[in-house]
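Trainee: Can we go through this one together? I'd like to ask as we go.

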Amino acid sequence: MLSLALALFLIRKCNISLITLSPASTLMALEKTSDGLDNYAFAVDGIDRFCELPENKNGSDHNSEDGDSNKLAYCVTDIPPWYLCIILGIQHYLTAFGGTIAIPLMLSQGLCLQHDGLTQSHLISTIFFVSGVCTLLQVTFGVRLPILQGGTFALLSPTMALLSMPEWTCPAWTQNASLVNTSSPEFIHVWQSRMQVLQGSIMVGSLFQVLVGFSGLIGLFMRFIGPLTIAPTISLIGLSLFDSAGMNAGHHWGISATTTCLIVIFSQYLRHIAIPFPTYSKAKKFHTTRIYIFQFLPVLLGITLSWLICYLLTIYNVLPSDPDKYGYLARTDIKGDVMGRAPWFRFPYPGQWGVPTVSLAGVLGILAGVISSMIESVGDYHACARLSGAPPPPRHAINRGIGIEGIGCLLAGAWGTGNGTTSYSENIGALGITKVGSRMVIVCTGFVMIIMGMFGKIGAIFTTIPTPVIGGMFLVMFGVIMAAGVSSLQYTDMNSSRNIFIFGFSMFTGLAIPNWITKNPTSIATDTSAVKTLMFVGGFFGFLLDNTIPGTKRERGIIAWKKAHQNESDNTLESDDVYGLPFGINSCLSSLTWTKYVPFCPTPKVSRQNDTPCSLDSLDTKTESNKGDTHIIAGVAL
């Protein structure tokens, strides 16, 4: 409620503008190709943003309605006002909250912490703190897309498998709340010894990801990855989470359905409706300003309203108070004791649980999870670029992104989250709903997560979000992720029986094989952590079949895919603006020819007279041929 009140207070003080600009002065143009598909083309940033709704003096364009539905309010390189960044950053934090908090809560069973709520809150604070740090590293020095970093479910399966081994099985007395003394040295040793082996295994396994990323092996591997590999990988990311969404929503379908309906109504039906707010300015004195609040804050509004409904149902005892009855998890007072016991300030630090130890079995399991996470992240990069209005990521950006994720896993192991870090798919779905793809919003999200990780009381407030509310949000987000994966098939010829077979077989085996392994865990003696991951199985078969079954490049979509991916030897100014290194590092490296041999450095550009930031003639030449079917992104600012 505090975040909603802050949002409304700040929004009332601003005006909004929706301005149609000429092709020579926009930051980004959304080009409609002849087949109706979106193609993102960038232009020079030579405009200022204004804050007033325009009047359509020339009448309505018959294509404006279709064009508006695909426009972005802010693309990846835009910088919204600071207060809008904070509001949207909180929204992304809430979007990632459910998936992030679920990891330490699930790990608490394997760590024998079921009856130690205070330590669980410390784990939650630690994973938020590390996720914020890794997010800032990824957005600043990694792939540089508006992509959030957080705990990964790909490592959850191998870690739980490690903790289920006989030497790490929890003692029977830790399962009885009356026998557990959370401050006793014996109990502390029990859970910290298990955390330490997880830390060491994760740190060693993350070194493999660092090597693969910064050595360029993942970039080399990407030469053989096309749409028929990316499509099942991204789609299965969303499908793999259907069980989590259904379980969370199933604790009270009425509350979860309310959350889903609110988000859908706000983001789809009401996004073009401007709400008048009273405001004051020296020029116009008191007047009303129309704000597109539903387009910017659909998730935050949906969660807040559902949260308020649950609070009212709790204080009036409409929801059952018996933990065994249906609907109990929709109450907002279940975790009230955590808020009272959590400290106001606690700074997580490396080695806070002791010196990490290494287990060979743990490292092998973590490696399987790391491989799955890398394949998932490559798909996430492409989905994020598409939904944020960025050109597809070049190889050097993918190399840095995977390398930074490896460093993030290394930091997570050192801090003791019991997990690693990866790109968060649900926040990519939020980009497609809110139409705000600015990476500065994700930077604010990183700072918000760091602050929430240091201030225990503030972070504990959000633990009262009922589980059905989180489940209702997942139903929307994961559906968007799955659809983003299917959209990659636009580059291929889906009239081809070859492509239909590859995609269908990859999707079906990606669902069938992990499901059988989960239901028959003792049928295979070797470690099956990787095979349990849907996106790994589907992506593997898509990659194998697409590269072995004969087919033309046009049929496979390779020609269209390569056109969408800019060659590193022909980088453009616009690609450098998105994926180049910050703080002038890109300019310094551009004069060094040896950097072309470094896999994670942008290739030096060859300066051309007609391709400079100030060359509007070159820009006009690029956009002239598409002038008739180009839809200009409207500049929107608060």
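Mentor: Helices (H or I, at least four residues) and strands (E, at least two) are DSSP runs, numbered from the N terminus. This is a predicted model, where local features need pLDDT of at least 70, side-chain atom pairs count only at pLDDT 80 or more, and totals for chains, interfaces and linings use all residues. Residues are numbered from 1 along each chain as its sequence is written, and side-chain values use heavy atoms, leaving out hydrogens and water.

Trainee: How many helices and strands are in the chain?

Mentor: Going by those DSSP runs, the count for the chain is 26 helices and 7 strands.

Trainee: What percentage of the 638 residues is buried?

Mentor: Buried means under 20% relative accessible area, with exposed over 50% and partly exposed in between (1.4 Å probe, protein chains only). On that cut-off, the buried share of the 638 residues is 56%.

Trainee: Which cysteines form a disulfide?

Mentor: A disulfide is counted when a pair of cysteine sulfur atoms lies within 2.5 Å. The structure holds 1. Its sulfur atoms are 2.0 Å apart, and the pair is Cys112 and Cys170.

Trainee: How many residues apart in sequence are the parts that this pair ties together?

Mentor: Cys112 sits in the loop between helix 3 (82-110) and helix 4 (117-141). Cys170 is in the loop between helix 5 (156-163) and helix 6 (185-214), so the parts tied together are apart in sequence by 58 residues.

Trainee: Is that disulfide left-handed or right-handed?

Mentor: Look at the torsion about the S-S bond of Cys112 and Cys170. That torsion is about -100°, so the disulfide is left-handed.

Trainee: What is the distance between the end C-alpha atoms of helix 15, and what span should its 21 residues have?

Mentor: The expected span is 1.5 Å times one less than the number of residues. For helix 15 (residues 395-415) that gives 30 Å, and the end C-alpha atoms agree, being apart by 30 Å.

Trainee: How many residues of helix 15 are buried?

Mentor: Helix 15 is mostly covered. Gly416, with a positive phi near 90°, follows helix 15. Of the 21 residues in helix 15, the buried ones number 17.

Trainee: At what angle do helix 9 and helix 19 pack?

Mentor: Axes are lines fitted to C-alpha atoms, for helices over the stretch in contact (heavy atoms within 4.5 Å), and angles run from 0 to 180 degrees between N-to-C directions. The axes of helix 9 (residues 242-249) and helix 19 (residues 467-486) are 7 Å apart, and the angle is about 145°.
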